[in-house]
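Take a look, and then we'll go through it piece by piece.

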Amino acid sequence: MTYHYIDTHAHLNLAQFDTDRDAVTARLQAEGVAAINVGTRKATNELAVALAAAHEHLYAIIGIHPINVITADPDDHGADAPEPTLDYDWYKKLAAHEKVVGIGECGFDYFHNSSDTYEAQREVFLAQIALANELQKPLMLHLRNTPDGQGRNAYDDALDILASEAKVRGNAHFFAGTYEQAKHFIELGFTVSFTGVITFAKMYEPLVRDLPLGMMHGETDCPYVAPVPYRGQRCEPWMVTEVYKKIAAIKGLDEEVVREQLLANASMLYQI
Ligand SMILES: [Zn+2]
């Protein structure tokens with residue numbers, strides 16, 4: 001199929017889309033937008049793969065979100081229990097579907113989880129790296145620092161582990177680390193991606209301006225962080241067009257050049 005944009009990190013598989021998932025999926029197709037739905041625990045992984053199997057313009061990435069290692073994210077269909085270990089064979093089997101294009105989202109979340117849970121998060125992260133290595137699929141990383149920015153740093157913790165353990169490339173989703181950390185990810189062959197937050201938060205502009213266009217993606221992380229001019233609404237994957245436009249504006253590049261390069265970047269990393 002042909003599509004003009006791809007949202008590399010979406011969650012049509014979360015509960016916020018339970019009432020109108022089909023309508024949103026149809027709208028994407030009409031707008032020429034493809035999307036990769038990222039799973040967070042078993043139930044949302046199964047739904048991401050089912051959506052990808054049913055719709056040509058949807059893909060899936062499967063894994064355990066670091067929040068779900070410790071607690072249960074209520075957006076995950078009212079999940080009431082964490083998923084503290086990776087059921088390796090279950091995930092390996094689900095990943096055999098041709099439209100599963102990566103493993104994750106995985107990594108460290110010190111915003112929702114206390115830094116004391118480092119070891120528990122690390123164990124599940126290592127298991128997902130091992131699965132990605134075995135299947136030769138890229139990693140989708142979720143890295144989030146503590147609310148006050150003190151204490152453990154999710155980006156440094158991930159870089160330390162990836163440098164010795166990862167035999168695949170990947171993407172640091174919703175990148176909010178430093179320029180130096182971004183350079184380290186890029187040295188390891190990892191891309192960074194930006195959400196609608198760049199349309200209203202100026203702090204991202206130096207990163208978007210200075211990092212190479214060939215190593216970044218546009219994403220929505222929907223249903224979260226709708227871009228300008230849709231702030232306050234539930235975010236949907238077609239809104240990724242605003243993220244593409246903002247990247248072009250910040251970099252001072254032609255929108256069409258940026259659109260083509262971002263499509264090529266996603267195609268290269270996720271083999272789609
Ligand atoms: Zn996500």
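**A tour from rings to metal**

Let's start with Phe 108, Tyr 110, Tyr 118 and Phe 125, which ring pairs link into a cluster. This is a predicted model, where local features need pLDDT of at least 70, side-chain atom pairs count only at pLDDT 80 or more, and totals for chains, interfaces and linings use all residues. Residues are numbered from 1 along each chain as its sequence is written, and side-chain values use heavy atoms, leaving out hydrogens and water.

Rings of Phe, Tyr and Trp (its six-membered ring) pair if their centres lie within 6.5 Å; planes under 30 degrees apart are stacked, over 60 edge-to-face, and the rest tilted. The count comes to 10 aromatic pairs. Among them, Tyr 155 and Phe 185 have ring centres 6.4 Å apart and planes at 85 degrees, so they sit edge-to-face.

Now for the metal. His 9 (NE2), His 11 (NE2) and Glu 105 (OE) coordinate the zinc ion at 2.0 to 2.1 Å; donors are N, O and S atoms within 2.8 Å of the metal (3.2 Å for Na, K and Ca), and water is not among the atoms, so sites may look incomplete. Along the chain, these donors follow the spacing H-x1-H-x93-E.

Are His 9 and Glu 105 buried or exposed? Buried means under 20% relative accessible area, exposed over 50%, and partly exposed in between (1.4 Å probe, protein chains only). His 9 has 0%, so it's buried, and Glu 105, at 1%, counts as buried too.
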